[in-house]
Amino acid sequence: MDWGKANRMSKLFRKDGHCFYLPIDHGYFLGPTSMLEKPAKTIAPITQYCDALFVTRGVLRSAIDPSYPLPIILRVSGGSSILGDLTDEEVLTSIDEVIRLNAAAVGVSIFIGSEHERQTMSNLAKLVNLCEPYGIPVMAVTALGKELKDKKPEARYLALAARMFAEVGAAVVKTYWCENFEKVTEGCPVPVVIAGGPKCDTTREVLEFVHDGMQRGAKGINLGRNVWQAPNPPAVARALKAVIHEKASVDEANALFEKMDAAAKAKK
Ligand code: 5RP
């Protein structure tokens, strides 16, 4: 691997090989999103527990200070909103922009099993072709179209998608947690990170699926709403960091969460 790409990969994964990415890219298809009205304010107390920020160029330029300490994973695909066919995406950001913004990596969604499976796989391939000469890693995002959104994704589907993304050249695969998650990680030769999906009712539930995924071969997480839409985002992020980087059990991480949460409540 060239020095530049190895350097970027070393920023995306800590020395233990694990990572905690914080996504705030939701507006690219959802529009205004609760708690992302002022992104810089929302992420300020959480950043210290995370390893990278996943964001579009628009929010990066308008809301994030250039001295921001974490590496940037630039969301570069989009084009369709929740009002239309979400699967009909293109790559919207040029390689010049990716370089100008000093991105550590780029992220693109692929909708396997949808009408635009081939188009979005082609987006991934084109992006890998554009980024490889500059040593910029591509994160492939497993995305679900309307047909799949209401069903719980299964290991067979997620493993198929993850392997296809790696074959085309993705450096990292972001996917959803599922039962028997080892079927996804074992079939994928590049690091797999777990996406959040819909908001859980409790922090413990979040810690449980993340811990299970990590035990079954995930290298980390890319969790947004379950962190910054929680009542106490820094406490959730601190507990997740303990699972990702400190080998904490669910009970240990949850105790950490409860301690921080109680201290914050006592201050009020
Ligand atoms: C949207 C994305 C988000 O980064 C991803 O869904 C993670 O966010 P959340 O944990 O809120 O689901 O890629 O397509």
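Tutor: A residue is buried if 20 or more other C-beta atoms, placed from the backbone, lie within 10 Å of its own; with 12 or fewer it is exposed, and in between it is partly exposed. Helices (H or I, at least four residues) and strands (E, at least two) are DSSP runs, numbered from the N terminus. This is a predicted model: local features need pLDDT of at least 70, side-chain atom pairs count only at pLDDT 80 or more, and totals for chains, interfaces and linings use all residues. Residues are numbered from 1 along each chain as its sequence is written.

Student: Which residues of strand 8 lie on one side and which on the other?

Tutor: Val-172, Lys-174 and Tyr-176 take one side of strand 8. Val-173 and Thr-175 take the other. Both faces are covered, and all of these residues are buried, the lysine Lys-174 included. The count for strand 8 is five of five buried.

Student: Which strands pair with strand 8?

Tutor: Two strands pair if DSSP finds at least two bridges between them. Strand 7 (residues 138-142) runs parallel to strand 8 (residues 172-176), joined by three bridges. Met-139 stands opposite Val-172 there, and Val-141 has Lys-174 as its bridge partner. Strand 9 (residues 192-195) also pairs with strand 8 in the parallel sense, over four bridges. In that pairing Tyr-176 faces Ala-195.

Student: How many strands form the barrel, and in what order?

Tutor: Eight strands close the barrel, in the order 1-2-3-6-7-8-9-10, with parallel pairing. From one strand to the next the twist averages 25 degrees. Helix 6 (residues 117-131) packs on the sheet and touches strand 6 (105-110) and strand 7. The direction of helix 6 makes about 165 degrees with that of strand 6. Axes here are lines fitted to C-alpha atoms, for helices over the stretch in contact, and angles run from 0 to 180 degrees between N-to-C directions.

Student: Why is strand 2 largely enclosed by the rest of the structure?

Tutor: Count its buried residues. Five of the five residues of strand 2 (residues 52-56) are buried, so strand 2 is largely enclosed. Ala-52, Phe-54 and Thr-56 point one way, Leu-53 and Val-55 the other. Strand 1 (residues 19-23) runs parallel to strand 2 over three bridges, with Tyr-21 partnered to Ala-52. Four bridges join strand 2 to strand 3 (residues 72-75), again parallel. There Leu-53 pairs with Ile-72.

Student: Which members of the largest nonpolar core touch the most others?

Tutor: A nonpolar core is a set of buried Ala, Val, Leu, Ile, Met, Phe, Trp, Tyr and Cys residues joined through C-beta atoms within 7 Å. The largest one holds 82 residues, and Ile-73, Val-106, Ile-110 and Val-138 touch the most other members. Helix 12 (residues 233-245) gives the largest share, eight residues. Two residues are in contact if their C-beta atoms lie within 7 Å. Beyond four places in sequence, the contacts of Val-138 include Val-106, Leu-124, Cys-131 and Gly-169.

Student: Is Leu-207 buried or exposed?

Tutor: Leu-207 counts as buried because 26 C-beta neighbours lie inside 10 Å. Leu-207 sits in helix 10 (residues 203-215). Val-250 is 43 residues away in sequence, yet the C-alpha atoms are 5.9 Å apart.

Student: Where is Asn-102, and what is its phi?

Tutor: Asn-102 is in the loop between helix 5 (95-100) and strand 6. Its phi is near 55 degrees, a positive value in a residue other than glycine. Asn-102 has 10 other C-beta atoms within 10 Å, so it is exposed. Lys-247 also has a positive phi, near 55 degrees. Lys-247 lies in the loop between helix 12 and helix 13 (250-267). With 12 other C-beta atoms within 10 Å, Lys-247 is exposed.

Student: Which residues come nearest the ligand?

Tutor: A residue is near a molecule if its C-beta atom lies within 6 Å of it. There are 15 residues around the ligand, and Pro-23, Gly-196, Leu-223, Gly-224 and Arg-225 come nearest.
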